[in-house]
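Here are a few notes on helix packing to go with your copy of the coordinates. Have a look at the picture before reading on.

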Amino acid sequence: MNNNKRILRELVPISEDDFFIVLNHTSAKFDFPVHYHPELELNLVMNSSGKRIVGDSILDYSDVDLVLVGSNTPHAWTGNDKNTNAHVITIQFHQDFLSEATLNRKLAIPIRDMLDMSKRGILFSGETVDMLKEKIIQLPQSQDFDSLLKFLSILYDLSISRNKRMLASPSYIDSYTIAKSRRIEKVNEYIKQNLYQKIQLKDVADLVNMSESAFSHFFKKRTNSSFSDYITDLRLGHAARLLIETERSISEVCFDSGFNNVSNFNRTFKKKLGFTPSMFRAQQKLITKH
């Protein structure tokens, strides 16, 4: 089994002294493969169209694209090679550039919530782009206190903007938000330990001393998902990660993710992600080769 990583960790140029850095790429070439880094990144892509990958999301973009990518979430853009007018502005900043105490104060809570969500990648609406594009373009590359205030203002405006769209699936980054419950935590731990084998509803219900029907109702109320859908989503997220990060065959990925039938795996994967597993990997490889 070949488990070689195909995904790069990028060493970014931001220093410990910087609150943020601005990278301004005119005539952008989009030759950077899928990569990740601990720093968060706000990308404004202009005069370009192509494909964007964030986690297990592979989608077309065109004209102007504004996305916030969280810490260690794999990402890449591939533009049309014929276009020499593409312009990309990337703002990178440390995940702890504001302290936890600061982010928990009332005024900063929208920023805190947005930074939490950014692990899945956040696509901002056309209206938000229209409102903030000039502010982002004009953010100085040399830093002074005034530039820090402008950067904070951009983050706040993004955090309260409407029609944000999450890109990567919750299961890809294991970020399901679940109401605190000792029973749910116990069930979640069991699922994670047994994700790669058959999980019986009865066994999980017994684990928390409930009947199957009572447990199903309880789980749906707490997670807004049926028990079977929840497990399927977790398995698909795991499969997407293996397809992106390793060279394992489709059948290996299928069985390593807890599916016991390749055709069912193909069908379920396509329904959820819009590509069959092999198409998904081919799209991702196209971006990697750019």
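Predicted model: local features only at pLDDT ≥ 70, side-chain atom pairs only at ≥ 80, totals over all residues.

1. Helix α3 covers residues 126-137, twelve in number. From first C-alpha to last, α3 reaches 16 Å, close to the 16 Å expected at 1.5 Å a residue.

2. Which residues of α3 are buried? They are Thr128, Val129, Leu132 and Ile136. Looking down the axis of α3, these buried residues fall within an arc of 105°, so they line one face of the helix.

3. On the face of α3 turned away from the buried side you'll find Glu127, Asp130 and Met131, which are exposed. The buried residues, for their part, pack against strands β4 (40-54), β5 (57-69) and β7 (87-93), and against helix α4 (145-159).

4. Now the α3/α4 pair: the axes are 11 Å apart and the packing angle is about 175°, so the two helices are roughly antiparallel to each other. From α3, Thr128, Met131, Leu132, Lys135 and Ile136 take part, meeting Ser153, Ile154, Asp157 and Leu158 of α4.

5. How do α5 (residues 182-194) and α8 (residues 227-245) sit? Their axes come within 11 Å and cross at roughly 45°, so this pair is oblique. The crossing is right-handed. Val187, Asn188, Ile191 and Asn194 are the α5 residues in contact, and they meet Phe227, Tyr230, Ile231, Leu234 and Arg235 of α8.

Terms used:
Residues numbered from 1 in each chain as written. Heavy atoms only, no water. Helix = DSSP H or I, 4+ residues; strand = E, 2+ residues; numbered from the N terminus. Expected span 1.5 Å × (residues − 1). Buried < 20%, exposed > 50% of the residue type's maximum accessible area, 1.4 Å probe, protein only. Arc of directions from axis to C-beta. Contact = heavy atoms within 4.5 Å. Axes fitted to C-alpha atoms, helices over the stretch in contact; angles between N-to-C directions. Parallel < 35°, antiparallel > 145°, perpendicular 65-115°, else oblique. Left-handed = near helix turned anticlockwise from the far one by under 90°.
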